[in-house]
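Q: Please take me through the terms used for this structure, setting each value against its cut-off before drawing a conclusion.

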Amino acid sequence: MVESKAEKAEVGREDVEADKENMDVEEPAADAPMKVFTVEILRLIKDMQLQHGLRHGDFQRYRGYCSRRVKRLRKTLNLPQGDRRHYKKRNVTLANLEKPNSDERFLHIPLMLAERTWSYAMQLRQESNTEPRKRFHLIEKLRKSCVYALQLQDLCASDRCDARTKLEAEAYSAWIHGSLHFELGLWQSAAENLKKAQVIYENLAQAMPEEEQTVYRAKVEELQPSLRYCAYNVGENASVNDLLEMRGQAGLLGNLSHLVAQTKAESMEAFQMMEWRGRSVTVRPEKVRLFLLSIQELGRSLEKAKDYPAKIEMLESVLLDCKDAIAAIKDEIKQDPKLRQPAAGEAGGPAGGGLIGIQYLLAYMSYTRLKLTLERNLFLVAQAKLTLDDPNVAEKTPLASGGGKKTKPQDLSRLYEIILQNVTEMQQLGGMEHDAAYQAEMEQLALSFRAFRCYYIAITLVAMKRWREAVAMYERSRKYASDASSSKTPCKDFDLRGELKQLIATIEGCKFSAHAYSVLEDDTADDTVLFGKSQKSSKPLYERLSHYKEDATLNSRNPNVFKLIPEMEPIPAKPLFFDLALNFVDFPSLDDKIEQKGSTGKGATAGMSGFVKGLFGWGGGGASK
């Protein structure tokens with residue numbers, strides 16, 4: 001059978017690892033720390049089954065893969081069974097696991113042997129539909145699979161394996177034994193073993209993080225039909241009572257609660273938990289964990305920074321790390337097709353209810369990136385305010401009153417426009433569209449920044465002496481600020497209510513100031529008339545006779561008194577007529593007016609021949625005479 005590309009790559013990886021192990025020098029056992037192995041048995045076999053034939057029910061292909069896998073493992077781990085001529089059986093023992101340079105792949109050998117015999121048994125079950133004698137072979141293969149499963153369970157029961165591996169090995173062995181007893185018709189024993197496996201997988205699902213629970217819950221659902229069939233064959237009342245008493249039986253699952261608690265503690269240590277908006281998610285990627293640890297002290301580092309450029313530079317470096325962490329999450333989603341689509345039917349749920357763990361983590365990291373970008377832009381605004389000559393601020397900073405390049409109000413309005421774009425991206429964050437509380441917070445934040453943007457646009461209009469537009473923008477800024485400050489859902493990360501109240505108080509004075517400037521400008525215009533100052537006007541004199549204004553151009557050579565040449569006015573053009581009826585007129589026939597060529601008939605031909613005969617003096621008429 002031809003090996004696939006994935007198997008060839010796996011072979012190369014194992015050979016490289018074997019070469020590295022052979023090159024290493026063995027150290028004394030006392031100096032080397034004891035290794036504790038973790039083997040995710042259920043996830044491992046499910047991935048192998050889906051990749052090598054069981055997606056289509058091809059048990060023969062999976063059996064061939066298991067055989068080749070065992071051969072590669074024995075070669076890599078230097079555990080051959082004899083040589084080319086002689087066979088000598090060598091099983092994996094505790095001595096192999098207790099070596100200083102031991103490897104967890106020693107546990108894969110009995111696991112793959114059990115899987116190989118189980119897949120052979122399932123192949124024989126398909127063939128036994130037409131050949132009943134193959135059921136005997138099927139039973140023998142399942143018995144051998146139970147032997148290998150027990151070997152795996154004994155190896156995992158040692159101190160070299162953690163609690164999760166022990167529980168998974170025990171559940172796997174119980175499932176294999178339950179499958180054997182199910183085929184033998186031993187319904188009571190089959191129900192006990194299958195229920196034992198189901199209970200262990202249920203407890204493992206509760207102890208594992210959210211994104212790892214799917215495979216265990218699927219296995220629990222897979223065992224349910226077999227348990228119902230066993231209960232039907234045993235007798236419903238007796239089976240239910242027996243199965244309910246299983247959890248209390250000594251020796252069967254006596255240390256289950258202890259192992260589950262230990263597994264949960266190990267999983268919490270191995271994976272950092274992240275909580276956002278009332279939901280906890282496990283952080284698996286290493287880059288993301290390091291980034292989350294690094295930003296815990298970011299607030300203190302920003303407080304210790306000397307000036308705004310140092311703070312901005314610090315945030316930009318953190319943003320680069322954040323982008324790398326987001327890229328690591330996206331790579332993990334690409335590698336696992338199950339993580340690409342959110343859970344269906346949960347779009348209208350609570351915060352991030354329609355997202356699985358890794359996607360919710362991606363949404364949180366995207367929010368963190370936008371939040372850091374927003375903080376950097378706010379620091380840019382604060383830095384620009386230091387050199388802004390604001391007419392509405394009484395106290396001037398040393399930078400604003402001194403020399404150097406000053407900031408214009410329109411520069412600040414552009415910065416607030418960029419900030420509003422960041423808030424819009426926050427509102428459109430994937431998975432948070434249906435979170436009403438989150439959208440309300442982002443709307444309050446957008447109103448706050450719109451108020452500041454309108455305020456600086458109004459200052460720009462005041463500098464241009466456009467008083468009416470300035471008063472209108474002041475009023476709009478006050479409205480936005482009032483709505484944002486009265487909101488019941490302020491943003492926790494950006495609390496701007498104090499600045500908004502100060503802005504409202506400033507705007508009240510700015511409106512009256514702009515109105516006063518507009519009145520003063522009108523009074524200045526009237527004073528120019530009284531004092532006889534000349535004013536130029538583009539209108540001719542005959543159009544402004546009711547208004548007296550001194551116009552110096554009236555005394556020049558080209559006074560603007562009257563427009564001699566009237567302005568062009570549009571008039572209707574002369575219509576054009578086209579004779580289109582000619583193509584549809586039927587003229588009378590003129591055939592009777594035209595001379596026909598053959599109207600003389602025979603006489604015309606005779607006249608011509610007579611003329612020729614007379615010309616040369618010969619012809620029939622003359623000879624007779």
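A: In this predicted model, a residue is called buried when its relative accessible area is under 20%, exposed when it is over 50%, and partly exposed in between. By that rule, both Tyr172 and Trp175 are buried.

Q: What makes Tyr172 and Trp175 an aromatic pair, and why is the pair called tilted?
A: Ring centres must lie within 6.5 Å, and those of Tyr172 and Trp175 are 5.9 Å apart, so the two rings count as a pair. Their planes make an angle of 50°, which falls between the limits of 30 and 60 degrees, and the pair is therefore tilted. Tyr172 and Trp175 are three residues apart in helix α7 (residues 163-184), which means that about one helical turn separates them.

Q: How do you know that the charged end of Lys219 sits over the ring of Trp175?
A: The criterion asks for a distance within 6 Å of the ring centre, together with a position within 35 degrees of the ring normal. The charged end of Lys219 is 3.8 Å from the centre of the Trp175 ring and is listed as sitting over it. Arg63 likewise lies over the face of Tyr120, at 4.0 Å from the ring centre.

Q: Why is the pair of Tyr455 and Tyr474 also called tilted, and where do the two residues lie?
A: The centres of Tyr455 and Tyr474 are 6.3 Å apart, which is within the 6.5 Å limit, and the 50° between their planes again lies between 30 and 60 degrees, so this pair is tilted. Tyr455 belongs to helix α18 (residues 436-463) and Tyr474 to helix α19 (residues 467-485), 19 residues apart, and the pair links distant parts of the chain. Both residues are members of one aromatic cluster, formed by Tyr416, Phe449, Phe452, Tyr455, Tyr456 and Tyr474.

Q: Why does Tyr455 count as buried, and why does Tyr474?
A: Tyr455 has 4% relative accessibility and Tyr474 has 2%; each value is under 20%, so each residue counts as buried.

Q: How do you know that Cys161 is in no disulfide?
A: The structure holds zero disulfides. For Cys161, the nearest cysteine sulfur is that of Cys156, 4.4 Å away, whereas a disulfide requires the sulfur atoms to be within 2.5 Å. Cys161 also counts as buried, because its relative accessibility is 3%.

Q: Why is Phe562 called partly exposed?
A: Its relative accessibility is 48%, a value between 20% and 50%, so Phe562 counts as partly exposed.

Definitions and conventions: Residues are numbered from 1 along each chain as its sequence is written. This is a predicted model: local features need pLDDT of at least 70, side-chain atom pairs count only at pLDDT 80 or more; totals for chains, interfaces and linings use all residues. Side-chain values use heavy atoms; hydrogens and water are left out. Buried means under 20% relative accessible area, exposed over 50%, partly exposed in between (1.4 Å probe, protein chains only). Rings of Phe, Tyr and Trp (its six-membered ring) pair if their centres lie within 6.5 Å; planes under 30 degrees apart count as stacked, over 60 as edge-to-face and the rest as tilted. Helices (H or I, at least four residues) and strands (E, at least two) are DSSP runs, numbered from the N terminus.
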